[in-house]
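Keep the coordinates open as you read.

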Amino acid sequence: MVNVNTMDELYRLQVTIAADPASVYNALTSAEALETWFAEHAEVDLPARRYDFWGRYTPETPDREQGRHEIIAAEQDSRLRFAWPLEGVTTEVEYRLHPRDGATILTVTHTGCGKDTSAPCASEDFWFLVLENLRRHIEGRLVHSRFDFHTLNSQEDIRHEIEIDAPADVVFSKLVEPAELNRWIAYNAAVEPQVGGTLDLGWGEGFASKIIEIEPPNKLVYGLASSQIVTWTLEGSGGKTRLLIVHSGFDPDTIPGERLGWLNFITWIGSMSEVGPSWQSPLCLINKEYSMFYPRSMNDRQSELLLL
């Protein structure tokens, strides 16, 4: 996604979770749970106001000492706020839990984020991924997508693979059907599902792709405007699908910037394939200037964002 935040702006996201606030709060404050959906290592001591997390799944890959965080506020089943030093600046994260129709709307605000930092407060993809993993954990689905920040600056091709609890034809539809693409990546998708056909996500002139190979429901390959190629491979067995994405063709001296974003997207594809039409992505506050780079479904749901 496109980062549009500045130091003075509020960074806001939210996700709806099919569980009561007590279950969500437990997942936010249990070290065991945090090590499932958020960080490689965690230690939490609410009375001592400690909310520590560290390791390879945390931006900047902090060690134990660097991973110490102070709890600023904690209200049972309602609110958690903690300090998070990033790039030498102390940022703050606040979770608020809002019960709604038997579910919980979890809002996240991250403040103190500099526009020139590569820290997670400047990366919606980080928050989108961990919020979807939090929801999967609480709702009883496998958390299979954890981003290793040791690989962030790798020059290798982007490669992510997950197993999805859905048939291959269901998963493949998320890659080629315009209405499905509009749920997770496209602003206004248009697809000609044939070799030489166009795969257009509605991002504007110069962003449309050409389909190089298509074998439903096993393979889809398309080329981007440059020499880059995206290859999706699906292996279905027993009602499950192993989905692999490879993004290749980068210049030898280039560090691909899409590595974390693709992991988030493949996670969303997994969830929407398993849950069905009721699945909705986490939300963020979209700057209208960049609205075409966010899914149509997210644009259409901006009115659902809670006012904080």
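Predicted model: local features only at pLDDT ≥ 70, side-chain atom pairs only at ≥ 80, totals over all residues.

A crossing of two helices is right-handed if the near helix is turned clockwise from the far one by less than a right angle, and left-handed if the turn is anticlockwise. Helix 1 (residues 21-29) passes helix 3 in a right-handed crossing. The axes of helix 1 and helix 3 (residues 124-138) come within 11 Å and cross at roughly 120 degrees. Angles of 65 to 115 degrees count as roughly perpendicular and those over 145 as roughly antiparallel, so helix 1 is oblique to helix 3.

Which residues make this contact? On the side of helix 1 they are Ser-23, Val-24, Ala-27 and Leu-28. They meet Leu-134, His-137 and Ile-138 in helix 3. By type, the contact of helix 1 with helix 3 divides into five nonpolar residues, two polar and no charged.

Helix 4 (residues 168-176) and helix 6 (residues 259-275) have axes that come within 9 Å and cross at roughly 125 degrees. That angle makes helix 4 oblique to helix 6. Helix 4 passes helix 6 in a right-handed crossing. Val-170, Val-171, Lys-174 and Leu-175 are the residues of helix 4 in this contact. Their counterparts in helix 6 are Ile-269, Met-272 and Ser-273. The residues of this contact between helix 4 and helix 6 divide into five nonpolar, one polar and one charged.

How many residues of helix 4 are buried? Seven of its nine are, and the helix is mostly covered. The buried residues are Ala-168, Val-171, Phe-172, Ser-173, Lys-174, Leu-175 and Val-176. Val-171, Lys-174 and Leu-175 are among the buried residues of helix 4, and they also take part in the contact with helix 6.

Next comes the sheet. Strands of a sheet pair through backbone hydrogen bonds, either parallel or antiparallel. Here, seven strands form an open sheet in the order 8-14-13-12-11-10-9, and the pairing is antiparallel. Strand 8 and strand 9 (190-191) stand at the edges. Each has a single partner strand, so one side of each is left without a neighbour in the sheet. Strand 10 (residues 198-200) pairs with strand 11 over two bridges, in the antiparallel sense. Thr-198 has Lys-210 in strand 11 as its bridge partner. Helix 4 packs on this sheet, touching strand 8, strand 9, strand 10, strand 11, strand 12, strand 13 and strand 14. The direction of helix 4 makes about 160 degrees with that of strand 13. Helix 6 lies across strand 8, strand 12, strand 13 and strand 14. Helix 6 runs at about 15 degrees to strand 8.

Seven of its nine residues are buried, so strand 14 is largely enclosed by the rest of the structure. Buried here means under 20% relative accessible area. Strand 8 (residues 158-164) joins strand 14 through seven bridges, and the two run antiparallel. Within that pairing, Ile-158 stands opposite His-247 in strand 14. Strand 13 (residues 229-237) joins strand 14 through nine bridges, again antiparallel. Ser-237 has Lys-240 in strand 14 as its bridge partner. Strand 13 and strand 14 form a hairpin with two residues between them. In the turn, Gly-238 has a positive phi of about 60 degrees.

Finally, turn to the backbone of the loops. Where does Glu-60 lie? It is found in the loop between strand 3 (50-54) and strand 4 (71-75). Glu-60 is not a glycine, yet its phi is positive, near 75 degrees. At 42% relative accessibility, Glu-60 counts as partly exposed. Thr-61 lies in the loop between strand 3 and strand 4. Thr-61 has a positive phi of about 40 degrees although it is not a glycine. Its relative accessibility of 25% makes Thr-61 partly exposed.

One more loop has a backbone feature to check. A cis peptide bond joins Pro-216 and Pro-217, with omega about -5 degrees. Pro-217 lies in the loop between strand 11 (209-215) and strand 12 (219-223).

Note on methods
Residues numbered from 1 in each chain as written. Heavy atoms only, no water. Helix = DSSP H or I, 4+ residues; strand = E, 2+ residues; numbered from the N terminus. Buried < 20%, exposed > 50% of the residue type's maximum accessible area, 1.4 Å probe, protein only. Pairing = 2+ DSSP bridges. Axes fitted to C-alpha atoms, helices over the stretch in contact; angles between N-to-C directions. Parallel < 35°, antiparallel > 145°, perpendicular 65-115°, else oblique. Contact = heavy atoms within 4.5 Å. Nonpolar A, V, L, I, M, F, W, Y, C, P; charged D, E, K, R; others polar.
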